[in-house]
Amino acid sequence: MRQLRGQERAITANRQTDWALADAFVPEDDALRWARERAREAGLAPVSQGTGAALRLLAASTDAKAVAEIGTGTGVSGIYLLLGMRPDGTLTTVDVQPEHQQLAKTAFRAAGFAGNRARFIPGRALDVLPRLADGGYDLVFCDGDRAEYPDYLAESLRLLRPGGLVCFEGVFADGRTVDSGAQPAEVQRVRELLRTVRESSQLLPTLLPVGDGLLCAVRRG
């Protein structure tokens, strides 16, 4: 295999176009567009189309029946997760803002999901997660307070069955994760998470370049 020259390692305009194509590859329906618009109005940043499509694929590939989500938002990521889950599956979704969860409920109904497909729990994630069942989940998706990501990981390992999957949204932190300059505490915590996941003997990780970075890891049996 030939050595790449320096300029070939650079992120080119074509590569950026490729990434944009990949991120928008899966089209969205009216329910998802409605949820995105509500997120924009609320000043929230929902997962990208590419991240949503990856979550749908991961939920389907794990044949997920029980999924826990940290950060309901207005329901964009939840719709994607439900689309990939088993028809009899339940999404347990946690958010500190009950009004956002009301919007997500509307979005889920518009997407055609029955009311019993989702369990909405208002509250701070680190207060709610300890109340959830050990080993009771196939997938845990984290899109909450990035300063708490290492704590979410510890809870996720308890919640996941062997072979279950944990995912963290936004680990690129808009490029700040790899920026050598001084960074706020939440970026330092994301770096801590990345190191812990990469070095853990309990996890089999990968980092997907979709949206703002999706860190995924399988809990070994």
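I began with Tyr 149, which counts as buried because its relative accessibility is 0%. The model is a predicted one, and I kept that in mind throughout. I then turned to Tyr 152, which at 2% relative accessibility counts as buried too, the limit for that term being under 20%. Both tyrosines sit in helix α8, residues 149–159, and since they are 3 residues apart there, about one helical turn separates them.

I next asked how many aromatic pairs the structure holds. The count came to 3. For the rings of Tyr 149 and Tyr 152, I noted centres 5.8 Å apart and planes at 50°, so this pair is tilted. I reminded myself that a pair of aromatic rings is described by the distance of the centres and the angle of the planes.

In what order do the strands of the open sheet run? I wrote down β3-β2-β1-β4-β5-β7-β6, which makes 7 strands with mixed pairing. At the edges I found β3 (118–122) and β6 (203–208), each of which has a single partner strand, so one side of each is left without a neighbour in the sheet. The twist from one strand to the next averages 15°.

I then went through individual strands, starting with β4, residues 137–142. Of its 6 residues, 6 are buried, so the strand is largely enclosed by the rest of the structure. Strand β1 (residues 66–70) pairs with β4 in the parallel sense over 4 bridges, and here I picked out Val 67, whose bridge partner in β4 is Leu 139. Between β4 and β5 I counted 5 bridges, with the two strands running parallel, and in this part of the sheet Phe 141 stands opposite Cys 167 of β5.

Moving on from β5 (residues 160–169), I saw that 5 bridges join this strand to β7 (residues 214–219) and that the two run antiparallel. Leu 165 has Val 218 as its bridge partner in β7. The strands β6 and β7 also run antiparallel, joined by 6 bridges, and there I noted that Pro 205 has its bridge partner in Ala 217 of β7. These two strands, β6 and β7, form a hairpin with 5 residues between them, and Gly 211 in the turn has a positive phi of about 55°.

**The loop between β5 and α9**

Ala 173, not a glycine, has a positive phi of about 50°, and its place is in the loop between β5 and α9. Asp 174 is found in that loop, and its phi, near 55°, is likewise a positive value in a residue other than glycine.

At 38% relative accessibility, Asp 179 counts as partly exposed. From C-alpha to C-alpha, Asp 179 and Asp 127 are 32 Å apart in space and 52 residues apart in sequence.

My next stop was Arg 86, found in the loop between α5 (76–84) and β2 (90–95). Its relative accessibility is 28%, so Arg 86 counts as partly exposed. The C-alpha atoms of Arg 86 and Lys 65 are separated by 5.5 Å, although the two residues are 21 residues apart along the chain.

**The largest pocket**

Which of its 24 lining residues are closest to the centre? I listed Leu 44, Ala 45, Pro 46, Asp 143 and Arg 146. Sorting the lining by class, I recorded 7 nonpolar, 10 polar and 7 charged residues.

Definitions and conventions
Residues numbered from 1 in each chain as written. Predicted model: local features only at pLDDT ≥ 70, side-chain atom pairs only at ≥ 80, totals over all residues. Heavy atoms only, no water. 1 Å grid on protein atoms, 1.4 Å probe; cavity = no way out; pocket = protein on both sides within 12 Å on 5 of 7 lines; lining within 4 Å. Nonpolar A, V, L, I, M, F, W, Y, C, P; charged D, E, K, R; others polar. Phe/Tyr/Trp six-rings, centres within 6.5 Å; stacked < 30°, edge-to-face > 60°. Buried < 20%, exposed > 50% of the residue type's maximum accessible area, 1.4 Å probe, protein only. Pairing = 2+ DSSP bridges. Axes fitted to C-alpha atoms, helices over the stretch in contact; angles between N-to-C directions.
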